[in-house]
Amino acid sequence: MAKKSVTVVGSGNWGMAIATIIAGNTSRHPEFEDTLTVWMFEEEVQHKGVKRKLSEVFNETKENVKYLPGITLPEHVKAEPDLKKAVMYADVLIWVLPHQFVARTVQNMGKIKEGCVSVSLIKGGLELEGGKLGLCSDLLRKLLNHEVGVLMGANVANEVAAGEFCEATLGIQDKKYQQMLVKLFDCRTFRVTAVDDIPGVELCGALKNVVALGAGFCDGLEYGGNTKAALIRIGLQEMKLFIRYFYPEVKDATFLESCGVADLITTCFGGRNRKCAEAFVKAKGAKGWDQIEKELLGGQKLQGTLTAQEIWPVMQKHNLCDKLPLLTTIYQIAFEDRAPWSIVKLPSGMPHSAFHEDDGFFEKK
């Protein structure tokens, strides 16, 4: 059997971190080609006082000096700035780039290999299509015309790259790819569990970034651990209710996987969304999201605000705002000048007792 070639589409902080995991597995499992290709969007960086192309610096040093400084990747990881060359011979495509760039990237990739399979690590990219909530993996499946799985979990990129132990959840529908994809990601420090619940895995990965904005607002107001714990619990409950409204078949067990409660916890205590939301509150209106993103993220993109903007019209259209008071409040603080302290003024009893599965809520589509 021919060995499978793997390409990571995206070379930001998380893209390079997951490349360290994948590279270790392509070298130790005989079914994969050793060489791991990373499509690296070409940009200029200062390296040792000289302006140079990022991909050239990486191929010489095996360090992404802009997005994952201080981490040296294995020798068999190769940066390829030409998108068409990067994906042309790939049997597996790993998507790790901001969701707003997906459609344009696919349009520019040219022909891909027959029988290719993709895994999306992209959080967000939600939109209504004919009353149904469409996922980023749906868009990729439609554009690429092949199987697309998702990988989400409690994975702060720098900790993954440093080899600290963590877990992730692989959502994959087609069982024939499951074993191969688990082998591609799973290792001693990065344990992977596979489930056949793509919507549950993917939507947890997207919505937790919105809840993390709320955690950042709490930090900006210098509230303590009790408040943040309450916010995380309410946030998980509202995530579950939002997801079940559109995908009632999503399994309870998915919320207890790494993609669910674990990812929510780590994102509410670390990560870029919490960090920027804290700065937003402390700026007291003097700085907008674009300025904060530019100052704090070094070229990375803030996903929680984008996802909040995506789900807000969906919530309005389906009359979910009153039923999801935390998500509503987070959006209004972020974009409608609502006072940050209103994060702790949610209606009494909400959302835990707001509705139950037997009250018809999950049928109101």
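A helix crossing is called left-handed if the near helix is turned anticlockwise from the far one by less than a right angle, and right-handed if clockwise. In this predicted model, local features need pLDDT of at least 70 and side-chain atom pairs count only at pLDDT 80 or more, while totals for chains, interfaces and linings use all residues. Residues are numbered from 1 along each chain as its sequence is written, and side-chain values use heavy atoms, with hydrogens and water left out.

The crossing of H11 and H12 is right-handed. Helices (H or I, at least four residues) and strands (E, at least two) are DSSP runs, numbered from the N terminus. H11 covers residues 272–282 and H12 residues 289–297; their axes come within 10 Å and cross at roughly 125°. Axes here are lines fitted to C-alpha atoms, for helices over the stretch in contact, and angles run from 0 to 180 degrees between N-to-C directions. Angles under 35 degrees count as roughly parallel, over 145 as roughly antiparallel, 65 to 115 as roughly perpendicular and the rest as oblique; H11 and H12 are therefore oblique to each other. Residues in contact (heavy atoms within 4.5 Å) include Cys 276 and Phe 280 of H11 and Trp 289 and Leu 296 of H12.

A UniProt record, an unreviewed entry, places the feature "domain: Glycerol-3-phosphate dehydrogenase NAD-dependent C-terminal" at residues 197–344. UniProt positions follow the numbering used here, feature names are shortened, and annotations may be inferred rather than shown by experiment. The span 197–344 is 70% helix and 0% strand, and its end C-alpha atoms lie 33 Å apart.

Salt bridges (a side-chain nitrogen of Lys or Arg within 4 Å of a carboxyl oxygen of Asp or Glu) come to 16 by this rule. One of them joins Lys 183 and Glu 31, at 2.9 Å from N to O. Lys 183 lies in helix H7 (175–185) and Glu 31 in the loop between helix H1 (13–28) and strand S2 (32–39), so the pair ties together parts 152 residues apart in sequence.

Asp 252 forms a salt bridge with Lys 240 at 3.1 Å, N to O. Lys 240 lies in helix H9 (225–246) and Asp 252 in the loop between H9 and helix H10 (258–269), so this pair ties together parts 12 residues apart in sequence. Asp 252 also forms a salt bridge with Arg 244, the closest N and O atoms being 2.6 Å apart. Buried means under 20% relative accessible area, exposed over 50% and partly exposed in between (1.4 Å probe, protein chains only). Arg 244 is buried at 7%, whereas Lys 240 is partly exposed at 26%, as is Asp 252 at 43%.
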